[in-house]
Amino acid sequence: MSVALDPGPETTAPLAPVSPHRLVDLVFRVREFGIIAVLLLLVVVTASIQPRFLSLQELQFILLDTTVFALLAIGETMVVLTRNVDLSVGSVLGLAAYVSANQFGTHPGTSIGVVFLVGAGIGLACGITNGLLTTIGRVPSLVVTLATLYIIRGIDTWLVGGGEVVANSLPNAFLHIPRATIAGIPVLAIVVALGVAAAAYYLHSFRSGRELYAIGSNPDAAQLAGIPIGRRVFTVFVVSGTLAGIAGVLWAARYGTIDSTAGTGYELTVITAVVVGGVAIFGGSGSVVGAALGALLLNTINSALYVLGISAFWDQAIAGLLLITAITIDQMIKVQLTAALRRRSRLGA
Amino acid sequence: MASESIGGNEAGAADAESPAQLPVLSLQHATKAFGAIHALEDVSIDLYPGEVHALVGENGAGKSTMVKIFAGVYPPDSGRLLIDGAEVALSGPADARDAGIAVIYQEPTLFPDLTVVENIFIGRQPLRSGRRIDADAMHAQAESIFERLGVRLDLDRIALGLSIAEQQLVEIAKALSLDARVVVMDEPTAALSAFEVDRLFQVAAALRESGVAVLFISHRLEEVFVLCQRVTVLRDGRLVLTRELTVLQPDDLVRAMVGRDLPERVTAEHTVGQTVLAVDRLSREGVFLDVSFQVRAGEIVALAGLVGSGRSEVARAIFGIDPYDAGSVTVAGERLRRASPTAAMAAGVGLVPEDRRQQGLVMGSSIVRNIALASLKRLSRLGFIRGSMERRFAADWAVKLQIRFGHLSNPISSLSGGNQQKVVLAKWLGRHPTLLIVDEPTRGIDVATKAEVHRLLDELAGEGVAILMISSELPEVLRVADRILVMREGRLVKEFVHTEASEETVVAAATGQVKAAAA
Amino acid sequence: MEPEPNVAPPPTDVTPGEGDRAAAAGLGPRSLIRWESGLLLAAILVVALGVDASSQFLTNGNLFYLCISIGEVAIMTLPLTFIIITGEIDLSVASILGLASALVGYLWSHGWPMPAIIPAVLAVGILAGAFNGFLVTRVGLPSLAVTIGTLTLYRGIAVILLGPNTISSFPFSYTKIGVDPVPHTFLSYSALIFLVLALIFGVVLHFTPFGRSLYAIGANKEAATFAGIRVKRIKMWLFMLSGLVCSLAGILYTFRLSTAVQNNGLGLELNVVAIVLLGGVSIFGGTGTMVGVVLAVFVLAGVQNALFLTNFPESALGIIPGVLLLLSVLAPNASSFVHRAREFLRRRRVRGRIAAARS
């Protein structure tokens with residue numbers, strides 16, 4: 001505990017015009033702006049070397065690839081904000097992709113709407129399981145979702161057997177979903193972008209949304225403040241699971257061929273995207289917009305590597321480096337920020 | 001020193017001019033015991049709206065227990081709690097909050113990532129259409145609260161980095177937003193600068209004007225006289241007096257707080273040897289400044305002072321847990337490396353830390369493991385350590401210190417506070433230190449064990465160990481110490497030999513009361 | 001004269017803080033013995049299950065197969081146990097294995113002799129661990145986030161090293177460990193190495209000052225510091241040790257499969273963590289035994305093997321670690337759950353009484 005040793009009376013007047021509020025704001029925004037800046041730089045550099053990077057098709061590819069991850073990132077952000085983690089999203093996506101697409105084969109004539117419901121339903125069930133185990137079972141979410149990652153993937157592998165769903169067993173209307181565009185922009189991307197905006201609005205303007213931040217920021221204080229932590233945490237897992245289910249259906253529509261490896265490893269990519277996008281690994285701060293931008297950045301890097309003829313083999317290493325760089329920067333900023341805010345506190349009004 | 005006591009165990013109403021209205025909060029004949037420890041004995045207090053009421057007493061007098069009863073942490077064993085004249089039973093902190101009682105602690109816990117406004121209103125933000133948060137209304141409400149309090153704070157900054165003072169203000173604002181009618185401030189000024197204290201006083205005055213009852217707990221008597229209207233003094237769990245401050249002098253308060261006969265010295269003088277510890281101009285920015293003193297073998301030197309005066313920080317700096325910016329520490333003639341507990345231990349220094357549960361013990365571990373923790377290398381043969389060696393070591397020391405336990409393999413949490421402290425002591429004594437630093441050695445311990453610990457310290461001094469003792473309990477300091485160093489606000493301000501010290505003189509030096517020094 | 005220092009009152013229903021966690025989670029010394037007994041029972045059941053499933057279960061051939069299926073994973077659980085006991089985690093273990101494997105292939109295909117390759121690969125493993133340790137202890141980053149990052153990074157480097165290539169021309173004198181058991185036993189070389197290492201790690205954990213300090217660090221880092229334990233230095237060593245051991249596992253893995261390919265060991269980290277947690281090591285740190293982890297290795301491998309011998313669909317075998325993991329963490333919580341439910345009901349009754357009294 002520090003005791004201020006004042007040699008004399010202190011001024012009561014507030015000091016420098018740069019209020020801490022603005023400083024924080026700037027740093028906050030820097031993350032989203034920072035990612036956009038890096039993105040632009042990347043696009044410009046790549047396009048100058050390989051102009052076909054700026055082709056409509058390439059950009060559409062990037063956006064489409066991102067939609068799945070952005071969808072996952074929405075749910076994962078909400079989970080991470082509460083100081084939890086959902087490692088099962090990749091397995092949920094895989095299971096939902098297979099089961100939903102398989103409906104066309106096992107129940108010919110199924111409407112696309114029903115298929116989406118099936119996928120979402122699978123995700124919902126998985127999310128409920130994760131949520132219950134974490135809140136009522138009082139098991140740390142790392143352990144819970146690690147276990148369900150296995151179990152769900154195992155169920156998926158068992159269901160798939162040795163087979164797979166192939167593209168030509170799926171109705172054209174379904175496979176066309178990712179190809180629909182408006183003014184050159186894939187409809188899916190627009191829809192997911194709207195979803196991100198909706199999630200951002202919820203997190204910003206609704207009590208329960210703000211409570212997610214509180215829970216991650218200081219769980220003890222959240223308890224004292226009477227925030228229904230169990231209920232909130234359960235809900236975020238349900239959301240994460242359901243979104244992963246829907247993402248699975250979209251994945252199926254995109255790639256057409258689904259075997260038991262669909263979605264493997266996606267959880268790591270999503271977490272990387274989320275952290276790169278500015279969400280603190282221990283929760284309490286961050287935005288879904290940032291997370292979605294993080295997903296966009298990762299996918300753009302992949303595409304850039306491909307287009308530049310650099311072997312795609314560099315993408316993982318780069319993603320890993322990005323994550324480490326992001327959290328290191330976050331840590332340094334936090335240390336500087338706390339010191340700066342403390343200095344302003346001591347002197348100001 | 002006269003042991004005339006002012007008042008006796010009287011109920012507040014008899015000797016205080018209580019305003020002719022209903023107290024908003026009333027504690028009647030409350031008693032609370034924790035096993036053998038009688039924290040409160042038949043204590044009554046009334047808090048009226050629009051007054052700032054001081055609660056004063058030494059460490060262990062019962063103030064914390066009273067605060068926790070108000071906060072709803074636990075009920076009194078007997079006695080009643082009344083709000084607006086009606087009896088209530090608080091089953092938890094939420095009930096206390098609903099009843100309009102707010103407690104501001106020394107170290108508030110806010111949400112560091114949320115803004116000040118959000119910290120105040122989280123979970124209760126005003127809403128507009130569609131159940132969306134009405135940020136403007138929230139701001140307006142927060143602004144009006146801060147206006148009522150007479151302070152300004154940037155509402156939109158995140159709470160991370162707020163000074164303790166500002167965090168307290170946010171907590172007070174939160175209390176007001178909850179329509180608190182009683183605000184308990186538990187030692188709020190301990191970590192505040194002069195400017196921040198002034199601001200806090202303004203706020204307390206504003207609360208008063210709003211009709212809120214404020215219970216102000218502090219050791220700093222000059223603050224009590226400036227801010228408060230009435231004062232209640234507790235001593236050893238009992239009520240000593242409740243009176244208007246206008247009829248009292250600071251000396252009266254001091255005497256009421258300590259009013260006992262000079263406690264018996266444990267034994268006669270110790271024979272003192274060479275200088276073991278020499279601290280020279282030790283400084284750490286913002287924490288302590290220019291501290292110099294010596295401790296010799298066989299000597300017990302006490303570091304007295306108020307909470308927050310920097311004593312524990314000096315101890316930690318000597319032992320190497322914290323770094324320091326200037327000055328030096330020398331043990332047995334050798335300069336001690338900074339910020340290295342390993343070096344300190346190798347030089348024969350041991351530290352029994354202030355926070356027993358967080359720093360002194362590994363709570364989930366067994367008694368054996370805890371006692372052996374600082375002696376692992378010494379207990380090992382050829383690099384291996386066997387459970388039987390640890391157990392024998394622990395058993396030896398348990399007997400030596402008369403630790404009462406079930407099985408040595410029991411978790412440390414099964415022991416009473418006194419026995420837990422003995423385990424911490426055993427841990428360090430097992431290393432046969434040449435310098436033992438003990439920080440609040442008998443805090444939260446029953447009287448019998450306290451005496452044992454004092455005897456032990458005395459024995460150690462007799463064996464030639466140099467002892468630096470930090471304590472906020474004056475009787476203990478006077479009973480045990482050969483020399484008393486008083487720290488105030490990070491500096492060493494006075495040194496007494498025990499023969500020239502009295503409780504009043506020490507308290508006076510610690511609180512900066514020049515007048516009482518002559519007593 | 002209160003029994004507690006002047007701190008804020010504990011919130012009523014919150015997870016206890018550092019130092020109280022282990023005790024509260026019911027993972028004190030006695031319950032740990034219960035855990036190991038449970039594992040021992042499970043192991044016996046596994047043997048029974050296996051024998052029942054197939055007469056082949058206890059044959060040398062099958063036991064050898066059981067050993068090689070789990071050997072490298074088992075080896076990796078050893079340093080991870082230390083790390084988790086101190087309250088950290090290392091998710092990059094399988095990626096270090098993969099990196100080591102890729103490096104073996106890469107160097108071999110570039111003409112390095114094997115006696116030079118092995119120390120070089122081990123050195124790289126130590127470096128990889130040191131990088132983890134540096135980020136955690138010097139930069140102060142949470143180990144979960146760091147090792148998710150290095151998991152990806154090291155896998156990525158492995159991918160870069162080998163690209164699409166598969167190196168499989170290793171000399172039989174090395175790759176025979178995937179085919180021949182240790183002479184006169186059914187053990188694979190990897191299993192033997194595991195057992196020897198487990199013994200060493202176990203002795204260090206339970207019978208040395210170093211091992212004791214790990215528990216202290218995990219249970220209460222602050223108290224450990226106050227007792228003179230060099231927390232940061234120890235954690236750094238542990239991460240480096242993990243890197244060393246995992247690269248050793250990677251070398252063994254490569255020889256066993258006699259193939260180096262970029263996705264060697266993909267996803268294995270989850271197996272490793274599952275086994276350690278199943279072994280009774282608390283994810284919060286501060287408790288756990290080596291015996292438990294060794295038993296857990298056997299239980300997991302045994303269950304998978306036994307089921308494999310039955311008609312259990314092979315593709316679903318992946319569920320096993322997940323189910324076992326869940327059971328292992330739900331079981332201790334079950335009793336506290338019942339207790340909490342009772343507590344909750346009791347409080348509601350009390351509140352009802354007070355409300356009734358007031359009206």
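1. Starting with helix α7 of chain A, in what is a predicted model: α7 covers residues 187–205, so 19 residues by the DSSP run. From first C-alpha to last, α7(A) reaches 27 Å, close to the 27 Å expected at 1.5 Å a residue.

2. Which residues of α7(A) are buried? They are A:Leu188, A:Ala189, A:Val192, A:Val196, A:Ala199 and A:Leu203. Looking down the axis of α7(A), the buried residues sit within an arc of 95 degrees, so they line one face of the helix. As background, an α-helix has 3.6 residues a turn, so residues three or four places apart point the same way.

3. Worth a look on screen.

4. As for what covers the buried residues of α7(A), the list includes these elements of chain A: α2 (56–81), β2 (185–186), α8 (207–217), α10 (229–255) and α12 (288–307).

5. Over to chain C, which is divided into domain 1 (32–312) and domain 2 (317–359). Taken over C-alpha atoms, the centres of these two domains are separated by 35 Å. Their contact takes 10 residues from domain 1 of chain C and seven residues from domain 2 of chain C.

6. Which elements give two or more residues to the side of domain 1 of chain C that touches domain 2 of chain C? Those are α12 (268–278) and α13 (290–309) of chain C. α13(C) gives the most to that side, with five residues.

Definitions and conventions:
Residues are numbered from 1 along each chain as its sequence is written. Chains are lettered from A and ligands numbered from 1 in the order in which they are written. This is a predicted model: local features need pLDDT of at least 70, side-chain atom pairs count only at pLDDT 80 or more; totals for chains, interfaces and linings use all residues. Helices (H or I, at least four residues) and strands (E, at least two) are DSSP runs, numbered from the N terminus. The expected span of a helix is 1.5 Å times one less than its number of residues. A residue is buried if 20 or more other C-beta atoms lie within 10 Å of its own, exposed if 12 or fewer, and partly exposed in between; C-beta atoms are placed from the backbone. The arc is that of the directions from the helix axis to the C-beta atoms. Two residues are in contact if their C-beta atoms, placed from the backbone, lie within 7 Å. Domain bounds come from an automatic or database domain assignment.
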